[in-house]
Amino acid sequence: MRILFSEKSDWAADLHESFHGSGHDIAFGPLTAAAVRRADLVVPLTIQAMLAMGDRPDLVSDNPIPIPARAITELCDDKARLNRVWAEKGFADWIPAMGVRDRYPYILKRSHDIWGRHSHIVRSADDQHRYAKELADPAFFTQELVLGTQEYTTHMIRAKGQTPAVLTLQMTFASEAFVKGPEKPVARAVVDSVHLPLFNRMLDAIGFEGLCCFNFKERDGRPMVFELNPRMGGTLCKQFASFVATLGEQRKC
């Protein structure tokens, strides 16, 4: 299979490692119309690339991994708006409370962000004063901070009402209050995807089909979802070849 990834140099080595010896021909480059037509599978690695392909259903309508329309990618990329939509659709119990400012610690986040670059844990009145500019900025929102040393990422493909591939990673951190991205896990393990039925319902509720990943913690066994990335997550790179193999098996059926 000829697989074309959009350009993302910091993920290329792990993806090459994943596909080593698989027999697949992988390449990285601009997702031009000509390049997309030559490929058997196109995988946008950034939101910008997702949006560009979402605008061209004529090019990707037969892609083995669906690519959502621009409007759905934009919804998922707006963390605060997606939380509100899910709450309206009956999933409020699985979303940490938004608008929290009266109890510490809480988290201050930007609606559009990657790797927690603009997220801050507000632990005191001094912190609240320190981040007064961000707290007054409508591009940011506050949310309950779910404590715990373990955070999870469920990578999955949703296509035609089915989930042909799923992988959940458990990441353990040194403290109970952290921001993944700026802070790195001290351990990582593959675990059972026990919350898949819920995540399928959440995706179906917003009409999402494609490759994505949920980030969450657990509270008394209940997943508390921080965000949905409507693209490949970086922690899937080394195991993405197994997702592609699953797609091949599905095509044989």
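How much space lies in the largest pocket? About 770 Å³ of space lies in the largest pocket of this structure, and the sections below describe what surrounds that space and how the rest of the chain is arranged.

## The model and its overall form

This is a predicted model, in which local features need pLDDT of at least 70 and side-chain atom pairs count only at pLDDT 80 or more, while totals for chains, interfaces and linings use all residues. Residues are numbered from 1 along each chain as its sequence is written, and side-chain values use heavy atoms, with hydrogens and water left out.

The secondary structure comes to 10 helices and 11 strands, where helices (H or I, at least four residues) and strands (E, at least two) are DSSP runs numbered from the N terminus. Along its principal axes the C-alpha trace spans about 55 × 35 × 35 Å. For 253 residues a compact globule would have a radius of gyration near 18 Å, and the protein, with 19 Å, agrees with this; the radius is taken over C-alpha atoms, and the globule rule is 2.2 Å times the number of residues to the power 0.38.

## The sheet of five strands

An open sheet is formed by 5 strands in the order β9-β8-β7-β10-β11, with antiparallel pairing; two strands are said to pair if DSSP finds at least two bridges between them. At the edges stand β9 and β11, each with a single partner strand, so one side of each is left without a neighbour in the sheet. From one strand to the next the twist averages 25°, angles being taken from 0 to 180 degrees between N-to-C directions, along axes that are lines fitted to C-alpha atoms, for helices over the stretch in contact.

Within this sheet, β7 and β8 pair in the antiparallel sense over 9 bridges, and Y152 has Q170 in β8 as its bridge partner. Helix α6 lies across β10 and β11, running at about 135° to β11.

## The sheet of three strands

Another open sheet has 3 strands in the order β5-β4-β6, again with antiparallel pairing. Here β5 (120–122) and β6 are the edge strands, each with a single partner, so one side of each has no neighbour in the sheet. The twist averages 30° from one strand to the next.

The antiparallel pairing of β4 with β6 extends over 5 bridges, and R110 has F140 in β6 as its bridge partner. Helix α6 (residues 79–91) packs on this sheet, touching β4 and β6, and its direction makes about 50° with that of β6. Contact means heavy atoms within 4.5 Å.

## The largest pocket

A pocket is an open set of points on a 1 Å grid over the protein atoms alone, with protein on both sides within 12 Å along at least five of seven lines, whereas a cavity is a set of points where a 1.4 Å probe fits but cannot get out; lining residues have an atom within 4 Å of a point. Grid points are joined across faces, edges and corners, and a volume is the space filled by probe spheres set on the points.

The largest pocket is lined by 42 residues, and W115, E151, K180, G181 and N215 are those that lie nearest its centre. Among the elements that each supply at least two residues of this lining are α1 (9–19), β4 (106–110) and β7 (150–159). The lining divides into 15 nonpolar, 11 polar and 16 charged residues, where Ala, Val, Leu, Ile, Met, Phe, Trp, Tyr, Cys and Pro count as nonpolar, Asp, Glu, Lys and Arg as charged, and the others, Gly among them, as polar.

## The cavities

A search of the whole structure finds 2 cavities of 30 Å³ or more. The largest cavity holds about 70 Å³ of space, and the residues that line it include V42, M50, I65 and L211. Two or more residues of this lining come from each of β3 (41–43) and β10, and the lining divides into 9 nonpolar, 1 polar and 1 charged.

The second largest cavity has a volume of about 60 Å³, and β11 gives the most to its lining, with 3 residues. The lining of this second largest cavity divides into 5 nonpolar, 1 polar and 5 charged residues.
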